[in-house]
2 protein chains.
Amino acid sequence: MATSKPPAPRSDTKAPRTERGRQTLRKLLDAAAKEFGEKGFHEASISGITRRAGTALGSFYTYFDSKDEIFRALVKDMSGQVAAHAGKAVTPELAPFEVERVALHAFLEFARDNKEIYRIIDEAEFVDPASFREHYETTARRILERLKKGEAAGDLREGMDEAHAWAIMGMNVFLGLRYSVWDEGRESDRVADLANAMLRHGIGRD
Amino acid sequence: MATSKPPAPRSDTKAPRTERGRQTLRKLLDAAAKEFGEKGFHEASISGITRRAGTALGSFYTYFDSKDEIFRALVKDMSGQVAAHAGKAVTPELAPFEVERVALHAFLEFARDNKEIYRIIDEAEFVDPASFREHYETTARRILERLKKGEAAGDLREGMDEAHAWAIMGMNVFLGLRYSVWDEGRESDRVADLANAMLRHGIGRD
């Protein structure tokens with residue numbers, strides 16, 4: 001997690017009013033990512049989070065009421081970080097397929113540097129199903145928006161559909177699991193190129 | 001789960017020697033799928049499994065030593081059932097892309113009828129990471145074999161790679177989550193057609 005970037009205020013956390021408060025909240029979320037990522041939700045503890053964050057226990061309760069609450073905030077935060085990371089890499093002058101390549105590449109690099117994201121988002125399926133679902137629905141919506149734009153620009157085939165977005169999201173998630181989380185190799189470029197060629201032309205010979 | 005089909009003997013369970021034993025083992029695994037699927041691993045209990053199976057507690061211990069052991073056997077069994085279900089649908093005369101379409105369609109139907117499979121395989125990431133990994137590595141290997149065959153037959157582009165297999169697996173898993181588990185609609189045909197067209201020709205207009 002980029003410790004320098006303060007999180008956006010969220011409706012389900014008590015939003016900090018000062019810069020110092022924003023930094024504390026960022027530290028707590030980064031520490032929570034490590035604690036939940038290493039121990040899993042059930043073994044993780046609030047005191048483990050504040051110890052890692054180097055903050056007093058009281059600071060925790062300034063922002064969160066419970067372990068469940070910081071977990072929920074963390075899933076939202078990670079979901080936002082993935083989006084921000086891809087968003088930063090995607091610049092306005094890029095052509096539609098270049099956008100998909102760059103977004104996948106950014107995701108692969110992000111997952112390599114933040115391997116705990118898989119464990120946390122996947123555990124949300126059990127700990128907080130609503131957050132799990134929201135993460136994927138939001139991500140798919142964002143991909144579909146890009147596809148519709150590419151369709152309107154004449155670069156993508158007509159009829160871009162929600163199912164295309166889910167298929168692309170699934171590709172990206174599994175490539176990240178295989179090549180960023182399970183494998184340490186620096187393959188992001190090769191994998192992003194291969195997936196992008198597949199997306200653009202398919203794998204049929206005709 | 002198809003209660004009629006006895007499971008293949010497994011090295012990690014005490015293989016039944018009689019037809020009656022095979023039926024009991026099948027009942028236990030089907031009951032375990034329901035128990036783990038509804039309650040999750042931690043809340044599930046051995047007595048809950050035998051109650052659902054309508055067997056005595058002693059029968060459980062004839063085949064398994066613990067809740068962990070039947071969970072592990074169940075992941076392997078479900079992984080095998082998915083493979084068998086797709087394998088049955090794929091007939092030798094099908095062309096390579098037709099094979100992929102039929103395999104995805106069979107998976108979507110299987111997931112719709114056995115929604116608990118997602119929860120169980122996904123929970124294996126936490127309860128039994130080796131089984132989780134083995135399921136996906138085995139599935140990807142099977143897909144890659146099909147792709148190589150299609151490449152050799154001249155229907156698929158040259159250079160079919162493990163990453164293609166992981167991308168296709170990811171597509172299939174996420175389409176199943178969205179359209180078979182989360183959505184009750186009978187969309188398997190439409191989704192399989194759309195994904196297959198995407199795989200064959202890509203979504204690029206050129």
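Predicted model: local features only at pLDDT ≥ 70, side-chain atom pairs only at ≥ 80, totals over all residues.
**Aromatic pairs and the interface of chains A and B**

F41(B) is buried, with a relative accessible area of 7%; buried means under 20% relative accessible area, exposed over 50%, and partly exposed in between, with a 1.4 Å probe and protein chains only.

Residues are numbered from 1 along each chain as its sequence is written, chains are lettered from A and ligands numbered from 1 in the order in which they are written, and side-chain values use heavy atoms, with hydrogens and water left out.

Let me turn to the rings. Over all chains there are 24 aromatic pairs. Rings of Phe, Tyr and Trp (for Trp, its six-membered ring) pair if their centres lie within 6.5 Å; planes under 30 degrees apart count as stacked, over 60 as edge-to-face, and the rest as tilted. One of the pairs joins F60(A) and Y61(A), edge-to-face, with 5.2 Å from centre to centre and 75° between the planes. F60(A) counts as buried because its relative accessibility is 0%, whereas Y61(A), at 41%, counts as partly exposed.

In chain B, the ring centres of F41(B) and F71(B) are 5.3 Å apart and the planes stand at 75°, so this pair is edge-to-face. Which parts of the chain does it tie together? F41(B) lies in helix α1 (residues 19–43) and F71(B) in helix α4 (residues 67–89), so the pair links parts that are 30 residues apart in sequence. Helices here are DSSP runs of H or I with at least four residues, and strands are runs of E with at least two, numbered from the N terminus. F71(B) is buried, at 0% relative accessibility. A charge sits over a ring if NZ of Lys or CZ of Arg is within 6 Å of the ring centre and within 35 degrees of the ring normal.

Helix α1 of chain B also holds G40(B), which counts as buried at 2% relative accessibility. Leaving aside neighbours within four places in sequence, G40(B) is in contact (heavy atoms within 4.5 Å) with E35(B), R119(B) and E123(B).

I now come to the interface. How many residues of each chain take part in the contact? There are 47 residues of chain B in contact with 47 residues of chain A. The area buried between them is about 4,600 Å², of which carbon and sulfur atoms give 64%; buried area is the accessible area (1.4 Å probe) that two parts lose on being put together, summed over both.

The rule finds 6 salt bridges across this interface, a salt bridge being a side-chain nitrogen of Lys or Arg within 4 Å of a carboxyl oxygen of Asp or Glu. The side chains of R178(B) and E162(A) form a salt bridge, at 3.1 Å from N to O. On the side of chain B that touches chain A, the elements giving two or more residues are α6 (116–127), α7 (129–152), α8 (162–181) and α9. Of these, α8(B) gives the most, with 15 residues.

Finally, the rings and the two chains come together. One aromatic cluster includes F132(A), W182(A), F132(B) and W182(B) among its members. The charged end of R133(B) sits over the ring of W182(A), 4.4 Å from its centre.
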